Amino acid sequence: MRAADGTPLKVSIARAMRRNRLLALGLIAPLFFFILFSFIVPIVDMSLRSIDNSVVPGVLPNTTAALRDWDGEGLPPEATFAALAADINAGRESREIGKVATRLNYEVSGMRGTIMGTARKIARIEEGPYKEALIEANKDWGETETWLLLKRLSDPYTFGYYLNAVDMRFDSVGNVVAQPEFRQIYVNLFIRTLWMSLLITGLTILLGYPIAHLMATLPLRYSNLLMILVLLPFWTSLLVRTTAWIVMLQSEGVINSLMVWIGLIANDARPQLVHNKIGTIIAMTHILLPFMVLPLYSVMKTIPPSYMRAARSLGANQLTAFVRVYMPQTMAGVGAGCILVFILAIGYYITPELVGGTSGTLISNLIAYHMQQSLNWSLAAALGVILLGTVAALYFIYNRIVGIDNMKLG
Amino acid sequence: MALPSYAGPVERIWYYSYRVACGAIFVFLIAPILVVIPLSFNSVPFFTFTPEMLSFDPAGYSLRWYRDFLNNPQWIHSLQNSFIIAIASTILSTTLGTLAALGLSRPYTPYKSVIMGILISPMIVPLIISATGMFFFYTSIGLAQTHLGIILAHTALGTPFVVITVTATLVGFDQSLIRAAQNLGAAPTTVFFRVIMPLILPGVISGGLFAFITSFDEVVVVLFLADFDQRTIPLQMFSGLREQISPTILAVATLLVLISVLLLTTLELLRRRSERLRGLSPQ
Amino acid sequence: MKNTLRYTTVGLAGVVAMAFGASAQAVDLNVVSWGGAYTASQLKAYHQPYMKANSDVKLNSLDYSGGLAEVRAQSEAGNVTWDLVDVVVADAIRGCDEGLFMEVDHDALLLPAPDGTPPTEDFLEGTLSDCFIPQIIYSFAFAYRTDAFKGEQPKTMADVFDLKKFPGKRTLQRSPVNNLEWALIADGVSVDDVYDVLDTPEGIERAFAKLGTIKSEVIWWTEGAVPAQLLADGEVVFGNGYNGRLFSAIEEEKQPLAMIWDGQVLDIDGWSIPAEGKNKEEVLEFVKFATDTQRLADQAKYISYGPARESSLPLVSKHAELGIDMEPHMPTKYADQGFLTNFQWWADNRDELNERFEAWLQQ
């Protein structure tokens, strides 16, 4: 078969298809490359920091090279001490030695002092034997542990930050062991983040299901009105809603004052409702509720009321009809809402930061802490990658169940 | 779902308690917003209703926190920044997002789900991670602490909403309309502006509104990328709230509620128009 | 039409040339500080007089919330836009170690006291360090509500930790720094021995244990404005905070609060210059001016922090607006009741103790 211009139809169709594909890709390309460079590249770049260990081999190149052949018994040979002295001296002049000090101090408290103290005295050590001179400058150089630590950090890449992120560490000979109990913090925080997100998701179902059902079964002119009550908070700034909850919940706030006025509580025994776990749970449930109601509503609207009537006329009572006939049909909406709320909840930062106090903060808050306060950026990156992995897995499930194309907004 | 006349007493009780529970949930949804608005007119710096307010004594109300807001150059500067950044990033993300959605909705687009996944990612990745990544990368190319940097960052965060809403509009789009227009001799630009655009406009506008509110409301990325010059309203509120909650913040919050009401109304009108166009008018 | 276009082009070129010509003469310096009342006092005492005298320099005042995150990121990126940063000494030392700040020769770069005493002798002992030019001595001290207790009023650190004698909520900074020292002092360790005891694992245990005795009554703050606010609202009866903030609550806002100087921790705040800044010469000129004897004394007119120079102390006069004598409000007057924080010890131990403190809070 041939097309009008004489080319075989197969070729002609293939050409048209190719042109179609190119046109489609051409339309997508600007955004695709924009997202790639403004978003994907930064995140990949950040993720690489979580395994980055270039500081030690970068600033102490001779030492790390010399340590490669050391068997880890006793003290390394004189040549290694000489290499270290040369490296520290060069690092002091380039003013990069402090980076090594900071890096080692993450592993063993006090190593900063060892390195900086040695660096201050290094200029006075002009010739060998370097072994005695360095041990004289700081007795830590006489300890096998110190050298084992340096040897362990000789690789430009490390999984140490991921271990730290789950409350583990390498011991001096490179075995994976648990952190001492008083330094265990991240696993608990991950568990708390998951647990609180789960609780908040549960609460949004509990509150969202009845009102979505009510709106789906009322005549449209009433349900449209009620929908505004859902959409208005949805469109209102997150900070406005968080502010509102602080105002409502603080000890001189609206809820406490109301309870005192009713006589439910004594004026001097106002319960603490904000700057703790309760505050985070209440405020986040409120903020995420619309994300549960909207998918539920859109699914419930498609369920014909005749199903329930049929079930009842076949002899089921109200409860049985609801549980056996209605609820199974809403499960798609429940699943979509749950995953959406859960994904949003585990990454929340602003609301827990403002209303969470010490007991109501989540993993995001600790990432921000390591970014802004402690400056342990690699640990922040490791925690971030773990969080990102969790979210990506959940998104994958969401996409399988609901399909991102079917996501409803407003 | 009116109560049928044959309902027994148990069903009656159940019916009414269900209604009451739903009422309580709606109160929970709306109360915080409703409480903030009157308190922003409080004449004294307290965060609860004073006896004067409850008895509707005019002396209990005042506009002093709004005056505070208007007379504070920091707040005004933040307001300007918020609008500049939100409008610029809305224009960018609407343009890029609409084009991409058109591409994604054509038949035979290869690797559709992978591309979609990447384009949607800014909406899925927790903000703290996006902000951290952008902080390092934008600092390294000199875009941190500039308006342009924040505009680009917000554009990235806003595009998924445009892509999703415009793609949704295009689901019902009849591709043969394009072929018909082309057959009748229309140039590609004419086809776009005279045939495609009018049909997808509601989707584009509501996507644009989402992009606008995303930028206007965003604080985590701004927290990492902005210094004093790029302060936006949400950042100003955030740092204010971390220190102490002041009544001026309530006044700002009320103004922001007003903006959301405006956006919501626009969106609702658009939805009705598009339903009318598609012959799906309510009732 | 053509002519219009040409004129426009010429005109534009002229405007561009003028803009560039102007920028070649004037220098913009980005000076970064803490914001609020503190920056305001610097603007009045340093920036405004300097710009008046040097019309070719424009000082842009930027705010930040402390820490080295921005400086380090700018330096890693090779794009340093800050010219001068107001830092606490702990950050100055850390930034200096990491090569972020430039080393300064104090005697060569700064002005001597009016009587000729070189800067290294004029600045208070122990305040100078390699990359750091001190401005003020401030302190972390406690204040309490004077209407909270009948009869005996709290006076010592032990009283702050005594829930029986002085019940009620306290607010403390959410950080191990200072809190561990105070716990030991309240537990009977003398001010001079604090860091010796802290340097042992048992000492740390003891400090955490003592801190644990009041944990249930503590509200932890992270922003400097919070403690004064909580005290003023009556939400807490004791609070520790920057002495300057507490001063304004007591003297400017007339809140019923009083200071407890016992156990105050003195700390130093000053300038550091980013090592890769682009306008070092001009910055050094400004720093030379801003840290002379008179300027440091001037700042104390606007905020109750002590000047870091010996020669400035006698020049400290009355508060510019309140007209009260500032000398009794200077933490340096009560230096013997407190101690200078041990920067080096904290630099070595803070990574581990921060984690331990956070873990302890969560328990």
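Helix 4 of chain C (residues 89–97) is mostly covered, with eight of its nine residues buried. A residue counts as buried if 20 or more other C-beta atoms, placed from the backbone, lie within 10 Å of its own. Helices are DSSP runs of H or I with at least four residues, strands are E runs of at least two, and both are numbered from the N terminus. The model is predicted: local features need pLDDT of at least 70, side-chain atom pairs count only at pLDDT 80 or more, and totals for chains, interfaces and linings use all residues. Residues are numbered from 1 along each chain as its sequence is written, while chains are lettered from A and ligands numbered from 1 in the order in which they are written.

**Helix 4 of chain C**
- The buried residues are Val89(C), Asp91(C), Ala92(C), Ile93(C), Arg94(C), Gly95(C), Cys96(C) and Asp97(C).
- Their cover includes helix 5 (97–107) and helix 6 (111–121) of chain A.
- From chain C itself, the cover includes helix 3 (69–77), strand 3 (84–88), strand 8 (257–272) and helix 15 (343–362).
- Gly99(C), just after the helix, takes a positive phi of about 80°.

**Chain A overall**
- Chain A has 19 helices and two strands.
- Its radius of gyration is 31 Å, whereas a compact globule of 410 residues would have one near 22 Å. The radius is taken over C-alpha atoms, and the globule rule is 2.2 Å times the number of residues to the power 0.38.
- Along the principal axes, the C-alpha atoms of chain A fill a box of roughly 100 × 95 × 40 Å.
- Buried residues account for 43% of the 410 residues in chain A.
- Of the contacts in chain A between residues at least 6 apart in sequence, 67% join residues at least 24 apart. Contact means C-beta atoms, placed from the backbone, within 7 Å.

**Gly333(A)**
- Gly333(A) sits in helix 16 (residues 318–346) of chain A.
- Gly333(A) is buried, because 27 other C-beta atoms lie within 10 Å.
- The C-alpha atoms of Gly333(A) and Leu296(A) are 4.6 Å apart, although the two residues are 37 apart along the chain.
- Beyond its neighbours within four places in sequence, Gly333(A) is in contact with Pro295(A), Leu296(A), Ser298(A), Val299(A) and Met300(A).

**Chain B against chain A**
- The contact takes 78 residues from chain B and 75 residues from chain A.
- Helix 1 of chain B gives the most to the chain B side, with 14 residues.
- That side of chain B has 61 nonpolar, 13 polar and four charged residues. Nonpolar covers Ala, Val, Leu, Ile, Met, Phe, Trp, Tyr, Cys and Pro; charged covers Asp, Glu, Lys and Arg; the others, Gly among them, are polar.

Technical notes: Contact = placed C-beta atoms within 7 Å. Buried ≥ 20, exposed ≤ 12 C-beta atoms within 10 Å, placed from the backbone.
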